[in-house]
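Work through the exercises below with the structure open beside the text. Try each task before reading its solution.

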Amino acid sequence: MDNKKVTSIVIVGGGTAGWMTAAGLCATLRNQELSITLIESAAIGTVGVGEATLPHIRFFNQRLGINEAELMKATKATFKLGIEFKDWGKIGDSYIHPFGNFGEDIARVGFHHYVSRAAQQGFDIHLDKWSLPVMAARHGKFQLPHPDPNNILSSFGFAYQFDAGLYAKFLRAFSEKRGIKRIEGRIIDVNLRSENGFISSVKLEDGSDIEADIFIDCSGFRGLLIEQALETGYKDWTNFLPCDRAVTAACEHEGPSLPYTTATAKSAGWQWRIPLQHRTGNGYVYCSDHISDDEAAASMLADLEGDQRSEPKTLRFKTGQRNKSWHKNCIAIGLSGGFLEPLESTGIFLIQEAITNFIEMFPTKDCPQIDQDEYNRIMDLNFERVRDFLLLHYVATTRDDSPFWRHIRDMELPESLTYKMELFKSSGRVVSYDVGAFKDPSWLAVYYGQGIIPRAYDPVADHIPLESLPQHLGKVENEVAQAVESMSRHGDYIRQYCNAA
Amino acid sequence: MTRQRIVILGGDLSGAMAAAYLGHHLPSKTYEIFYVNNGPLVKSEWCASSYSDLRKFNQKIKIGEAEFAKSCAASLKLGENYTGWGPSSYINSFVDYGANIMGVNFIDLMLQQGLYNSIDDLIPYSLPVRAAKEGKFLPPDTKGRPIVSDFDYGYHFNPQAYASLLLGRAKSFGVEMVQTRSISESADLIINATGTPLNETDNFMSWIGCKSYTARSLAPQSSKLSLTTDITAKDKGWTLTASDQTQDIVIDFFFDEEMGEHQHHCGRLSKPWSDRVLNIGFAAICVEPLMGSPLRLMQHDIERLVKLFPPNLTDPIEREEYNRQTVSTYDRLWDYHALQYASSSAWQRDFPLTAKATHKRDVFAARGRIVTYEEDMLFRDNWTTLFLGQGITPQRIDPFAENLKAKDVNPQLNAIEKIITQALRSMPRHEEFIAKQCAARRFAYK
Ligand SMILES: Cc1cc2nc3c(=O)[nH]c(=O)nc-3n(C[C@H](O)[C@H](O)[C@H](O)COP(=O)(O)OP(=O)(O)OC[C@H]3O[C@@H](n4cnc5c(N)ncnc54)[C@H](O)[C@@H]3O)c2cc1C
């Protein structure tokens, strides 16, 4: 058994994926006799985007034993309570998808069923007022969740908006301190073993061959190992999510510090705004069939909140997923494994899922098929479920004001999504699942936020007499309002918690 | 507004459960519910042994534990004792073994330390298994330390008495009891709990299990009241024995359809709910009572129905979702039953497995991990116990366990064992506990 033990791993790539993988592996495998080498090339560089995260990243960092305030300081991070979606359901709309619930169950029936019932009575059912993280975001407030789970001030999660380049740098220092070997150099060839097609080594420009038992492909979109060497193939999902480019630029930050990301729907895609401590990141994600690169760049720049700080940079991508995330002795993590547009900040989350699952399924040298199968099963579920959730944002809309939106309107949808939407429209039931980033509250936030109100509600909700409905809803609204009133301003909180300046 | 009419056709225990549960949950302003009485319960013996989650069902319909135990002669159940299925007998309980130590799964840790030779080696680290063996019981101390507070338990009880209790509750919730089926002609929804499917067109998918059974109830055969359901493999099938407070239930299951008094066919409908007829209980699925499966499915189907109850009963989409979740729950549970048969050395017979079941077994055999699927109702270590108990030992262990040192692990193992030993010391014997807390009138172990 011992001779089958993995003793060496090479990670190809030093972007967010590469350094997260390096840090994750060296923190968990520190007792193993295992050499980990990371190869990166400054000449090629990293994709250099990816600033908004999901709350899961906190658990990743905790597992590594990273101090939160220190990390936030080093990455010029702000807190993130959710994402504001503007102009999605229709032009002029705005809602926030928070990291948290809308109201608690009443008499064991989901709060939202009472909201649907209130809608039938003509109440204003804009969900904002029933969610602490949403109201806190709207008022620019933040403080860490209260430790007592019965306190309403505990009822939310949070993530970060940070400089991903600095995050990678932070993780690099972390990993190098723990003995990871880093090689600067460009890989020019990949050698395969004749007997089984496994990767045996990668060749660097200086002629040296680097061998390993396992290769982790974090080389970005190009998929240097998983695709260029192993020809694993790619599932193309542009028929569902047609955006294929992004143009990005940073600008000065204007106004009070905001604890949320904004995604504004535009005529050929959407634009993000991610406020960090020292600047705001922006990017227009668009479909090149419907707008030229120059027009997109001009449109992006026109919507900056402050003075432009960097030259516009255009990126191309193809939405989809590698046929197999793990193939032979190669695991593709990050952009090499697949791409889903950053509408819900899932890039880093998917990297983290990949690392966690790889550690769970850590193989022997021969990479048994059963390990690969189980790993790929979980990663496929993750990708497909995020894909459907992103797609929901596009299809839960009445917009048809441009060729792009008319294309979306006429698009054929995956059955997995139409089914979910049909069930929701009927009586507000969400199709739940265990594996996947977005659970019921997220689906509810987007459905209601984009104007999909169920025709009917859970009949059990009728146990609460109609007369007392306003009182129940009003109570939650008041609690939220009072709690938000008591919270610190986000900018002040950052200054005392993790000021980068 | 006219009320929607729901008619429950009684037959097996699921009818009474549905009457009470729907009666409690569906507002009487909008629904009128009828229960059609249909004589003694169908396959009642199959429901005499529960899983731990029956407790939650009772709580939801406001049946207190003492009331339940007294009126249904319930004894407590800490697990099921499988004899003759694998190399040695083993108890499958309602909680995972031991505790994770230094982030390593308990079973991996035992393997890595060379402390695992057979499933017996895990016994010291399971409170319910040891309590069952010593014949002791006390409910979990919810304020206690993890090992002492996190186990769970089910019941052995009299299903006929439970049905009466449920129907009494149903009446108090406004459910009307009627004697003839004719009322169902005007029903918006018919819940068929007769034990036989109503729609001829529903296709039935067969599974390979036993084909006939004989059930008996006997006066208590032992002076001790067992805390486990005994599931004993025999030449031609297997035997279930469960003791409530007043009697023993014994069911012999046979692979041969001629051997038992009654025939049965394991399998399920592919569409339990079509149009206005919803089949529940044995009308929808027939699985044998391992880990309380038949009763458990009844409970979960009814809870799922209320969760998805269509505001408009003619809308097909909630029905479709109900069927999707239900059938997938049935299939994952059957995987468990099929693996119970297929991985046993007791018989030289073929038991086909689904791809999911095969994958689950293979991942465990390779590396000791339990693959989790959605709609799987069993705990992780229900599966672990099944595999280990039947002699499947993982080939590889978690690489993170590899460098654990005995000097770090042993004190923790000893601590777990000691906590359990201490807890057991203060536990009364099962019979004493019942006598004090919840004895039925004819309690036989005074
Ligand atoms: C427009 C856009 C916006 C995004 N926004 C977000 C967001 O808000 N939130 C989020 O979580 N994610 C976001 N993402 C995703 C996120 O950016 C990526 O998941 C993340 O940056 C990981 O990239 P990577 O490490 O896989 O690839 P890269 O950053 O491209 O790194 C590739 C690495 O491989 C090395 N390399 C490549 N070829 C060779 C070679 N031949 N020899 C040696 N080294 C080589 C490079 O030097 C580099 O170090 C976004 C992505 C895009 C495109």
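This is a predicted model: local features need pLDDT of at least 70, side-chain atom pairs count only at pLDDT 80 or more; totals for chains, interfaces and linings use all residues.

**Exercise 1. Describe the extent of the contact between chain A and chain B.**

Solution. Step one is to count residues: chain A contributes 38 residues and chain B contributes 36 residues. Step two turns to area. The size of an interface is often given as the accessible area lost when the parts come together. Here chain A and chain B bury about 3100 Å² between them, with 53% of that area on carbon and sulfur atoms.

**Exercise 2. Find how many salt bridges and polar contacts join chain A and chain B, and which helices of chain A take part in the contact.**

Solution. Begin with the salt bridges: there are five between chain A and chain B. One of them pairs Arg369(B) with Glu360(A). The closest N and O atoms of Arg369(B) and Glu360(A) are 3.2 Å apart, and this lies within the cut-off of 4 Å. Next come the polar contacts, which involve 19 residue pairs between the two chains. On the side of chain A that touches chain B, helices H8 (347–360), H9 (369–395) and H11 (415–427) of chain A each supply at least two residues. H9(A) gives the largest share, six residues. By type, the residues on this side of chain A are 17 nonpolar, seven polar and 14 charged.

**Exercise 3. Classify the ring pair Phe68(B) and Tyr162(B), and decide whether each residue is buried or exposed.**

Solution. Over all chains, the whole structure holds 64 aromatic pairs. Phe68(B) is in helix H3 of chain B and Tyr162(B) in helix H7 of chain B, 94 residues apart. The cut-off for buried is under 20% relative accessible area. Phe68(B) has 0%, so Phe68(B) is buried; Tyr162(B), also at 0%, is buried too.

**Exercise 4. Repeat the analysis for Phe137(B) and Phe433(B).**

Solution. The centres of these two rings are 5.0 Å apart and the planes are at 70 degrees, an edge-to-face pair. Phe137(B) sits in the loop between helices H5 and H6 of chain B, and Phe433(B) in helix H13 of chain B, so the pair ties together parts 296 residues apart in sequence. Phe137(B) is buried at 1% relative accessible area, and Phe433(B) is buried at 11%.

Conventions:
Residues are numbered from 1 along each chain as its sequence is written. Chains are lettered from A and ligands numbered from 1 in the order in which they are written. Side-chain values use heavy atoms; hydrogens and water are left out. Contact means heavy atoms within 4.5 Å. Buried area is the accessible area (1.4 Å probe) that two parts lose on being put together, summed over both. A salt bridge is a side-chain nitrogen of Lys or Arg within 4 Å of a carboxyl oxygen of Asp or Glu. A polar contact is a pair of N or O atoms within 3.5 Å; within protein, one must be able to donate a hydrogen and the other to accept it, and residues adjacent in sequence count only if both atoms are side-chain atoms. Helices (H or I, at least four residues) and strands (E, at least two) are DSSP runs, numbered from the N terminus. Ala, Val, Leu, Ile, Met, Phe, Trp, Tyr, Cys and Pro count as nonpolar, Asp, Glu, Lys and Arg as charged, and the others, Gly among them, as polar. Rings of Phe, Tyr and Trp (its six-membered ring) pair if their centres lie within 6.5 Å; planes under 30 degrees apart count as stacked, over 60 as edge-to-face and the rest as tilted. Buried means under 20% relative accessible area, exposed over 50%, partly exposed in between (1.4 Å probe, protein chains only).
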